[in-house]
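Here is a short report on strands, a charge–ring contact and backbone exceptions. Keep the sequence and the 3D view open while reading.

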Amino acid sequence: MNLLKKATLLALITFFFFGCSDDDSTQDAQGKAKVSIKLMDAPGDFEHVYIDIVDVMIKVNDGSDGDEGWQSMKTINTGVYDLLTLTGGVNVLLVDDFEVLSGNLNQIRLVLGDNNTVVIDGETYPLKTPSAQQSGLKIKINQTLLPNMAYTFLLDFDVDKSIVIAGNSGNINLKPVIRASAEATTGTISGSISPLGVQTQISATNGAEEITTYANPSGNFLLVGLTPGKYTVSITPESMSNLMPTILENVEVFAEKDTAIGIITME
């Protein structure tokens, strides 16, 4: 090999070596975060609400509202879920530890299939979800993802506000109202009610937002996704029970901790 060819070969090797090294170091500097997504429900006055989830997508480091920049989270627990079983602290893990580049998680999108129904008085009705089927349900997040950190996002599906009976048409439409929160930056309030066998709503408000759930058949309840601060907690039994509501003031919530308020006896 002559001297010119050797010099050219050496230059090419040097170019590719340093070029690849620069790209790798840039990616390592940005780092990756892990994202998990859970689905839960604030229940409504229905017997069952079945939602067919076929994909979960996210948009990272892209604040635009267009359809560009979305990526599927791939390892998704797809299926038909009865939202009214996801109460009292019960949730379903849709995505577990999906790796993304760190930065800003802008939006999450739930993509639904065709098998969405609601059961009212023993009869099953289809839920009309045209926008969800075509482009997915978009939930704005705007959460900073730091390198080498894991984040779990709770998607709280408010059934009462999400199902709309459309006048004389006979259609029952799904217009989802979904509240998203990060477990790592929020806390919970837990407790139980007595007596049992009474449908009881529990809500917590800090003046800016209100989170609601129902006690399960064992009397236990869990309010999740609460930003730290002081809350007013209201325990409201169904009206036909003739029991009085109970209000607890200044219940303090801390990030990544549970505030247990014990047994609430309604009289």
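## A hairpin

Strand 11 (residues 163-166) and strand 12 (residues 171-174) run antiparallel and are joined by four bridges. Strands here are DSSP runs of E with at least two residues, numbered from the N terminus. Two strands pair if DSSP finds at least two bridges between them. Four residues lie between the two strands, and G167 takes a positive phi near 45°.

## Basis of the model

This is a predicted model: local features need pLDDT of at least 70, side-chain atom pairs count only at pLDDT 80 or more, and totals for chains, interfaces and linings use all residues. Residues are numbered from 1 along each chain as its sequence is written, and side-chain values use heavy atoms, with hydrogens and water left out.

Four strands form an open sheet in the order 5-1-10-13, and the pairing is mixed. Strand 5 (92-101) and strand 13 (178-182) stand at the edges; each has a single partner strand, so one side of each is left without a neighbour in the sheet. On average, neighbouring strands are turned by 20° against each other, direction ignored. The axes behind such angles are lines fitted to C-alpha atoms, and angles run from 0 to 180 degrees between N-to-C directions.

Strand 1 (residues 32-42) runs parallel to strand 10 (residues 150-158), with nine bridges joining them. One of the bridge partners is F157 in strand 10, which pairs with D41.

## Rings and charge

The charged end of R109 sits over the ring of W70, 4.2 Å from its centre. For this, CZ of Arg or NZ of Lys must be within 6 Å of the ring centre and within 35 degrees of the ring normal.

How many aromatic pairs are there? The count is zero. The rule asks for rings of Phe, Tyr or Trp (its six-membered ring) with centres within 6.5 Å.

## Backbone exceptions

Most residues other than glycine have a negative phi, and most peptide bonds are trans. D97 has a positive phi of about 50° and is not a glycine. D97 is found in strand 5. Its relative accessible area is 39%, which makes D97 partly exposed. The classes are buried under 20%, exposed over 50% and partly exposed in between (1.4 Å probe, protein chains only).

D121, also not a glycine, has a positive phi of about 50°. D121 lies in the loop between strand 7 (117-120) and strand 8 (123-128). D121 is exposed, at 71% relative accessible area.

A cis peptide bond joins S194 and P195, with omega about 5°. P195 lies in the loop between strand 14 (187-194) and strand 15 (200-205).

Technical notes. Phe/Tyr/Trp six-rings, centres within 6.5 Å; stacked < 30°, edge-to-face > 60°.
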